[in-house]
Amino acid sequence: MQTSTYAAKGSIGLELQNRRVFPRFGEFKKQSSCVKNLRVTNNTTSSGLRIGSVVMGAEFGRPRTRIEAVFRPRSVKARASGGDIEDVDVTAPQGKSSGTVLPFVGVACLGAILFGYHLGVVNGALEYLSKDLGIAENAVLQGWVVSTLLAGATLGSFTGGALADKFGRTRTFQLDAIPLAVGAFLCATAQSVQTMIIGRLLAGIGIGISSALVPLYISEISPTEIRGALGSVNQLFICIGILAALVAGLPLAGNPLWWRTMFGVAVVPSILLALGMAFSPESPRWLFQQGKISEAEKSIKTLNGKERVAEVMNDLREGLQGSSEQEAGWFDLFSGRYWKVVSVGAALFLFQQLAGINAVVYYSTSVFRSAGIASDVAASALVGASNVFGTAIASSLMDRQGRKSLLITSFAGMAASMMLLSFSFTWSALAPYSGTLAVLGTVLYVLSFSLGAGPVPALLLPEIFASRIRAKAVALSLGMHWISNFVIGLYFLSVVNKFGISTVYLGFSAVCLLAVLYIAGNVVETKGRSLEEIERALNPAT
């Protein structure tokens, strides 16, 4: 057996020790004391199997910091490709930052607001625009007005990653504002259904790009210690955008032409997004990859403070140490080196959609009517408020409880809520309480979804993808989101008519339970780790 040792210098270091254990049974090992240099030992068997290469299944510990800058060691457990479990003692300083990141996160979240707004605006406006455009009796054309947005979003999500790699994150935001603004303007001024469909297609391309770009940009500019909270703000603003669309529709009953104003107001945040990004710092990670070192340092100083420049630059250098690889192409995502982590990203969004969130929202109005809540606006407001409340709670828990635990809790809660919904429709013993139980199940489901399944995937993916594939891999995963969303929307009613809503809800519950098992075995915990630390663990240099 050969042993190769690599040393990396740092102001605060640690010692990594490998130990051999049974695949399912581990023994806790006493943590080694911190040393000045970082030493990593990789073992290779005589047959050439590299024991030290880390794959999916790694669990990272959260850094514990104290105000007096006394740092306690944290434990990292990583499953190696040869079945080893490695305990890693990590000590990383996390001082208070003097940088300013919140305003730039706020600018990026204009894209998230537009994402939610364009998704929700058609729900209240469809009846009125159909009469105005002469398609009130044509369900097919109404379906095109609704679904064209999803088709455009699918296209946009795949192109967003390539644009972000080529032009940078902030420039791509500015380019994205063009289809967002033009699409909204065409929808607001449409005199024919063809113009409306073109406007919806352009708006869809815009929100598809922003759906991939917003979480990517936020993850790359946020300090490690608050990256989870800031990343989950993306989902929070999507929910706010949906609520804004609901509120915008309130005057429709008294003014049937108000639907044009509803679409037109979306031009304003599109312009603000473009203007705001003109003053926002570029992602320091993208700048570093482009060889623009001085610009990267300037960006880090703005975002993290001048006292963190050396620390973050050191992380970036270590992340690319020994690697002169070019930017990954699309086919690289399917290589043996990256497919494991890319498949996790795609699976998370697939589970998110197959878990039934769209079905619950679609049927929420009829569910609430069965409980005596006749107002559609009140029903939608209750669902939207539950989503916003749950996402706000998730934001506060993201950096304390971790991404993986929130995902498991979320899907488990969704499974239980789906069972409650299904039984409330079928069990005769529950008939007197069916309306109340259905409302309770719906609210609990939306709360559970917003705690993890909603915000975590978009936050987690930029964290677990290597820098050279990050933009394209996020775009691919978001593409899976939009494709599954489109397919479910296309066939959902047919499946309900054939099997009944109660059976469909039970199927959704089973999907949620499968998601819990998949997440427990395949998803990593990333709280408290820099993007470069995560990348070095999950994607060791080859």
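## Briefing on a predicted protein model

In this protein, residues 24 or more positions apart account for 80% of the contacts with a separation of 6 or more. The structure is a predicted model, and the protein has 19 helices and 5 strands. Of its 542 residues, 54% count as buried.

**Helices H1 and H7**

- Helix H1, which covers residues 102–133, packs against helix H7, which covers residues 267–278, with the two axes 8 Å apart and at an angle of about 155°.
- Angles over 145 degrees count as roughly antiparallel, and H1 and H7 are therefore described as roughly antiparallel to each other.
- The crossing in which H1 passes H7 is left-handed, and on the H1 side the contact is made by Val 107, Ala 108, Leu 110, Gly 111 and Leu 114.
- On the H7 side, the residues that make this contact are Pro 269, Ser 270, Leu 272, Leu 273, Gly 276 and Met 277.

**Helices H4 and H5**

- The axes of helix H4, residues 193–221, and helix H5 come within 9 Å and cross at roughly 160°, so that H4 and H5 are also roughly antiparallel to each other.
- The crossing of H4 and H5 is right-handed, and the contact joins Val 214, Pro 215, Ile 218 and Ser 219 of H4 to a set of H5 residues made up of Arg 227, Leu 230, Gly 231 and Asn 234.

**Asn 234 in helix H5**

- Asn 234 is found in H5, the helix that covers residues 227–248, and with a relative accessibility of 5% Asn 234 counts as buried, because the cut-off for that word is under 20%.
- When its neighbours within four places in sequence are left aside, Asn 234 is in contact with Cys 109, Ala 112, Val 214, Pro 215, Ile 218 and Ala 458.

**Aromatic rings**

- A search of the whole structure finds 5 aromatic pairs, and in the pair of Phe 351 and Tyr 518 the ring centres lie 5.6 Å apart while the planes stand at 50°, so this pair is tilted.
- Because Phe 351 lies in helix H11 (residues 339–354) and Tyr 518 lies in helix H18 (residues 501–522), the pair ties together parts that are 167 residues apart in sequence.
- Phe 351 has a relative accessibility of 16% and therefore counts as buried.

Definitions and conventions:
Residues numbered from 1 in each chain as written. Predicted model: local features only at pLDDT ≥ 70, side-chain atom pairs only at ≥ 80, totals over all residues. Heavy atoms only, no water. Phe/Tyr/Trp six-rings, centres within 6.5 Å; stacked < 30°, edge-to-face > 60°. Helix = DSSP H or I, 4+ residues; strand = E, 2+ residues; numbered from the N terminus. Buried < 20%, exposed > 50% of the residue type's maximum accessible area, 1.4 Å probe, protein only. Axes fitted to C-alpha atoms, helices over the stretch in contact; angles between N-to-C directions. Parallel < 35°, antiparallel > 145°, perpendicular 65-115°, else oblique. Left-handed = near helix turned anticlockwise from the far one by under 90°. Contact = heavy atoms within 4.5 Å.
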